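Subject: Structure for your review

Dear colleague,

Please find below the structure that I am handing over to you.

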Amino acid sequence: MSIQLGQVAPDFEQNSTHGRIRFHDWLGSSWGILFSHPKNFTPVCTTELGEVAKLRPEWDKRNVKPIGLSVDPVEAHHKWEVDIEETQAAKLDFPMIADPDALVSTLYDMIHPESDPMVTVRSVFVIDPSKKVRLILTYPPSTGRNFNEILRAIDSLQLTDARSIATPVNWEPGSPVVISPKLSEEEASRQFPQGYKTLKPYLRMVEL
């Protein structure tokens with residue numbers, strides 16, 4: 001059964017480069033990003049893992065814990081970490097799950113047989129502190145992920161959780177947002193005393 005937005009992320013216990021991990025316990029009260037890799041010692045994955053390590057200050061700023069996964073064993077992960085540090089100038093400081101029995105891959109529907117029955121696709125799951133799945137992205141094995149876009153989406157999720165707003169097309173932090181249509185004019189004026197622009201009754205833009 002495929003995972004859907006809003007459902008509790010399946011818990012699991014599996015080995016990793018940081019020891020045995022019980023997923024929900026490891027997440028604690030943080031946001032999490034679980035992302036899978038088709039296989040160790042592959043070029044695109046090597047660049048992705050290096051980028052995630054370099055983005056450590058950005059993850060910390062947002063209270064996000066990254067955790068990777070592939071179907072290879074822990075020993076292979078540790079050997080790969082050496083290559084990643086050498087080629088990407090970044091030391092992996094987050095866990096990589098070893099999933100040789102496909103326990104996690106199956107739970108999260110990461111193996112798409114019509115793509116390749118032996119490896120995981122490039123899945124991304126963003127999970128909030130209540131352990132609910134808030135964002136799902138799936139890339140083919142040949143296409144590297146854009147982690148700046150993932151950060152932007154997390155910024156949107158965290159902002160819209162805190163305010164009665166939504167983020168419009170191509171939104172970037174600091175640009176105007178959309179006021180929730182659920183808010184009356186009176187409530188919108190109370191929450192946004194700086195004023196806002198009404199384009200249509202259902203489309204009101206405001207700068208925060």
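Two strands are said to pair if DSSP finds at least two bridges between them. Helices (H or I, at least four residues) and strands (E, at least two) are themselves DSSP runs, numbered from the N terminus. Please note that this is a predicted model, in which local features need pLDDT of at least 70 and side-chain atom pairs count only at pLDDT 80 or more, while totals for chains, interfaces and linings use all residues. Residues are numbered from 1 along each chain as its sequence is written, and side-chain values use heavy atoms, with hydrogens and water left out.

The chain as a whole

Seven helices and eleven strands make up the secondary structure of the chain. Taken along the principal axes, the C-alpha atoms fill a box of roughly 60 × 40 × 35 Å. Of the 208 residues in the chain, 46% are buried; here buried means under 20% relative accessible area, exposed means over 50%, and partly exposed lies in between (1.4 Å probe, protein chains only). Contact means heavy atoms within 4.5 Å. Among contacts between residues at least 6 apart in sequence, 65% join residues at least 24 apart.

The chain exposes about 10,500 Å², and carbon and sulfur atoms supply 53% of that area. Accessible areas come from the Shrake-Rupley method with a 1.4 Å probe, and for residues only the protein chains shown count as cover. There are 22 positive and 28 negative side chains, with the centres of the two sets 6 Å apart. Lys and Arg count as positive and Asp and Glu as negative, whereas His and the chain ends are not counted; the place of a charge is taken as NZ of Lys, CZ of Arg, CG of Asp or CD of Glu.

The annotated cysteine and its neighbour

An unreviewed UniProt entry lists Cys45 under "active site". UniProt positions are given in the numbering used here, feature names are shortened, and annotations may be inferred rather than shown by experiment. Cys45 belongs to helix 2 (residues 43-54) and counts as buried because its relative accessibility is 0%. With neighbours within four places in sequence left aside, Cys45 is in contact with His37, Pro38, Lys39, Trp80 and Arg122.

Val44 is also found in helix 2. Val44 is partly exposed, since its relative accessible area is 25%. Its contacts, again leaving aside neighbours within four places in sequence, are Arg122, Ser142, Thr143 and Gly144. Between Val44 and Asp161 there are 117 residues of separation in sequence and 33 Å in space, C-alpha to C-alpha.

Strand 3 (residues 31-36) is mostly covered, with six of its six residues buried. In a regular strand the side chains alternate between the two faces of the sheet. Both faces of strand 3 are covered: Trp31, Ile33 and Phe35 are buried on one side, and Gly32, Leu34 and Ser36 are buried on the other.

Strand 3 pairs with strand 4 (residues 64-70) in the parallel sense over six bridges, and Phe35 stands opposite Gly68 in strand 4. With strand 6 (residues 122-127), strand 3 pairs in the antiparallel sense over four bridges; there the bridge partner of Ile33 is Val126.

An open sheet of four strands runs in the order 8-9-11-10, with antiparallel pairing. Its edge strands, each pairing on one side only, are strand 8 (165-166) and strand 10. Strand 9 (residues 177-179) and strand 11 (residues 203-206) are joined in the antiparallel sense by two bridges, and Val178 stands opposite Met205 in strand 11.

Thr198 lies in strand 10 (residues 197-200) and counts as partly exposed because its relative accessibility is 43%. Apart from neighbours within four places in sequence, Thr198 is in contact with Leu203 and Arg204. Thr198 and Val178 are 20 residues apart in sequence and 9.9 Å apart in space, C-alpha to C-alpha.

Two residues with positive phi

Asn63 is not a glycine, yet has a positive phi of about 60 degrees. Asn63 is placed in the loop between helix 3 (56-61) and strand 4, and is partly exposed, with a relative accessible area of 37%. Ala89, likewise a residue other than glycine, has a positive phi near 55 degrees. Ala89 lies in the loop between helix 4 (74-88) and strand 5 (96-98), and is exposed because its relative accessible area is 70%.

Yours sincerely
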